[in-house]
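Good morning, and thank you for coming. Please look at the structure that I am about to show, and keep it in view while I speak.

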Amino acid sequence: MSAPPHELLLGESAAIARAALRSDRFRLEREADWQRLERIVGRMEAGRLRGIPDDDLLALPGLYRTVASSLSIARETSLDAATLAYLEALVQRAWFVVYGPRSSLGAWLRGYLGGGWSRAVRGIGPDIAVALFVMVAGVVVGWLLVANNPDWYFALVGRDMAGNRVPGASAEALRGTIFGNAHQNGMSVFAAQLFSNNAQVSILAFALGFAFGIPSLLLLVHNLAGLGAMFWLYHGAGLGIDFAGWIIVHGSTELYAILLAGAAGLHIGRSIAFPGEKPVLQSAGEAGRRAALVMTGVVLMLIVAALLEGFARQLVDQTPGRFAIGGFMFLAWTAYFMLAGRARGQRRNDRE
Amino acid sequence: MIGKRLPRPSISRTRQRTIVTAEGITLPVTIASRGARAGALILDLIFVVVLMVVSTVALAQIAGGVGAAMSNAEGTSPAARALQMLVIVWIILLFLFRNAYFLFFELGPRGATPGKRITGIRIAARGNGGEGGGGGESGGRLTAEMVIARNLLRDIELFLPIVFLAGAGVDSGWAWLAGTGWFLIFMLFPLFNRDALRAGDVIAGTWVLERPKRKLEAALSAGPATPPARAAHDDDVAPPPRAYRFTEAELAVYGEFELQALERALRENREASLDAIYLAIAGKIGRNDGWGDERVFLEAYYTQLRARLEAGMRMGRRKADKHSEEAR
């Protein structure tokens with residue numbers, strides 16, 4: 001049955017002819033393609049994309065389908081377990097590459113800023129409404145608590161953060177905290193710290209959505225209650241409008257970002273608590289991906305907010321100018337979220 | 001439409017899943033073991049800490065010592081501005097190491113951080129589940145959103161409780177207890193679901209799989225892999241290999257399961273196990289003419305058994321093992 005060994009020297013065609021089994025001949029005829037695919041996939045897995053010839057990259061999808069069909073045929077005709085296992089592993093590896101993340105980071109970012117982000121924001125609209133309500137309620141609660149009993153102030157704001165902004169401080173001292181810092185040094189470092197800190201807080205607000213969204217809401221209430229308490233303090237000194245200007249210059253961006261982060265967390269929590277007709281894992285997955293899109297943008301917004309807080313607030317030393325900047329930023333963000341990517345989104349919905 | 005699942009003795013069956021590709025092909029995948037994932041995480045954390053320490057030391061060196069950076073960052077001289085710049089770079093770098101390390105590596109074609117690569121695992125899209133019939137999941141495309149979502153959640157799973165614990169200290173009893181509880185809930189999360197998903201995987205719709213790696217083995221029936229070298233050497237000494245022929249009745253006793261066991265033994269090529277198998281087969285079919293020539297005998301039996309079973313497959317007849325009648 002087995003052929004004399006010296007025929008090995010005659011090369012591949014002889015090997016195919018010599019193979020005793022039809023399934024082994026099938027394999028020997030195709031294994032060059034398999035090994036070529038394995039080489040290409042191996043190189044891509046090793047991250048050496050540049051070393052791959054264009055021919056190979058163009059051939060990749062075709063080779064993948066060829067090998068996938070080889071696997072289908074082999075399953076029906078061959079009992080060679082080693083070859084089947086090899087083909088299964090190879091098809092799986094090629095499948096990871098062919099169906100991997102499709103776009104480069106640059107292309108993804110373009111699509112993201114050109115509409116993907118704002119579509120995701122519009123997709124969590126109801127959650128934004130709830131989060132906004134909770135934030136406003138947080139400010140009101142903070143104000144009322146402190147108005148009834150000033151001892152609450154330190155519970156809400158924290159002694160370290162309060163500094164000389166304490167109940168009973170003179171109007172002059174309070175004025176000094178919101179005006180006249182134009183020549184302060186180290187502003188850029190301050191901005192970077194603000195960004196790092198705020199980004200971490202908003203990631204937290206998002207991630208806490210996993211516990212049905214309730215901790216996200218508590219976090220929003222807690223942060224905004226502090227704001228309400230400080231607002232009460234400055235209002236008492238007749239500086240309410242000036243304090244609003246001091247906050248709004250960066251707050252219109254920063255609070256917007258925190259609003260979106262909290263809403264994204266709430267969106268996830270809602271999808272887990274009330275998955276509707278979908279399986280809970282699928283519902284959570286869809287919500288999680290949408291919320292992740294929103295969150296990427298939140299980090300970008302916080303960079304802008306930190307720049308505004310570190311520079312614009314100190315350099316623009318009067319309330320109308322601060323309102324102008326803050327108001328403009330608010331309108332710009334809102335217009336972007338309402339309008340960007342709408343036409344394309346419409347078409348995509350039609351197709352689906 | 002897959003046939004019999006191939007026996008893989010080394011992998012526990014509970015981690016085997018099938019996915020259905022867009023082309024409609026079922027692929028077996030293996031869920032990464034929890035140990036491999038813990039190992040990957042520990043490796044990655046070590047890498048992150050090393051990166052943080054190295055970049056901190058490097059920046060401090062550039063700044064001419066940490067002390068100088070602290071005392072001179074105030075002021076408006078060019079030197080102070082340069083120091084401020086370094087501090088900003090440092091803050092941003094630490095932020096990126098903490099948040100973007102996993103993101104950066106998992107977004108590439110490998111879908112794995114260095115730690116995951118070392119332990120041989122990768123992430124993949126979990127698919128919508130249940131569409132592929134027979135419990136198979138329909139494999140989808142891994143997207144950037146999934147990678148972002150699963151890594152944002154790492155913050156509450158890992159970094160937040162650690163920071164909290166470090167901040168609270170052991171003496172503040174309740175805070176310590178709460179932080180530990182939090183940490184354990186998320187760390188143990190993968191133990192309490194079938195697919196070893198952590199919270200981030202649930203949110204993102206991903207799972208972690210073993211990275212398959214398998215060499216193409218020689219075709220057994222195309223001639224033995226070892227003899228050619230030996231034969232070329234002492235061709236004139238060794239007798240020509242005997243041709244064993246088996247009758248239909250001798251081949252009909254075994255099925256696919258035994259064929260694959262025989263294939264494994266032939267590939268491993270351990271003399272003791274080959275002898276044992278030879279004795280079992282020769283005893284069963286009542287032959288004793290392969291004595292002292294077991295490997296050639298078994299190869300011939302393997303080839304002819306496979307030819308018979310594959311011919312049956314082409315006609316739609318399969319025989320799973322020695323106990324089963326041929327299914328029609």
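The side chain of Ser252(A) comes to 2.9 Å from the backbone oxygen of Gly326(A). This is a polar contact, that is, a pair of N or O atoms within 3.5 Å, where within protein one atom must be able to donate a hydrogen and the other to accept it, and residues adjacent in sequence count only if both atoms are side-chain atoms. Before I continue, please note that this is a predicted model, in which local features need pLDDT of at least 70 and side-chain atom pairs count only at pLDDT 80 or more, while totals for chains, interfaces and linings use all residues. Residues are numbered from 1 along each chain as its sequence is written, chains are lettered from A and ligands numbered from 1 in the order in which they are written, and side-chain values use heavy atoms, with hydrogens and water left out.

Ser252(A) belongs to helix 12 of chain A, residues 240-273. Helices here are DSSP runs of H or I with at least four residues, strands are runs of E with at least two, and both are numbered from the N terminus. Is Ser252(A) buried or exposed? It counts as buried, because its relative accessibility is 8%; buried means under 20% relative accessible area, exposed over 50%, and partly exposed in between, with a 1.4 Å probe and protein chains only. Leaving aside neighbours within four places in sequence, Ser252(A) is in contact with Ile247(A), Gly326(A), Met329(A) and Phe330(A), where contact means heavy atoms within 4.5 Å. Between Ser252(A) and Phe328(A) there are 76 residues in sequence, but 8.9 Å in space from C-alpha to C-alpha.

Helix 14 of chain A, residues 319-339, holds Ala324(A). With a relative accessible area of 49%, Ala324(A) is partly exposed. Its C-alpha atom is 16 Å from that of Val304(A), 20 residues away along the chain.

For chain A as a whole, the secondary structure comes to 15 helices and zero strands. Of its 352 residues, 49% count as buried.

Let me now turn to the place where the two chains meet. Asp80(A) sits in the loop between helix 3 (54-77) and helix 4 of chain A. Asp80(A) is buried, since its relative accessible area is 1%. Which side chains does that of Asp80(A) join in polar contact? One is that of Thr83(A), at 2.6 Å, and another is that of Arg267(B), at 3.1 Å. Not counting residues up to four places away in sequence, Asp80(A) touches residues including Asp24(A), Glu263(B) and Arg306(B).

Helix 4 of chain A is mostly covered, with 17 of its 18 residues buried. Among the buried residues of helix 11 of chain B are Leu259(B), Leu262(B), Glu263(B) and Leu266(B). Helix 11 of chain B covers residues 256-268, and its 13 residues reach 18 Å from first C-alpha to last, close to the 18 Å expected; the expected span is 1.5 Å times one less than the number of residues. After this helix comes Asn269(B), whose phi is positive, near 60°.

Two salt bridges are counted between chain B and chain A, a salt bridge being a side-chain nitrogen of Lys or Arg within 4 Å of a carboxyl oxygen of Asp or Glu. Arg306(B) forms a salt bridge with Asp24(A), with the closest N and O atoms 2.9 Å apart.
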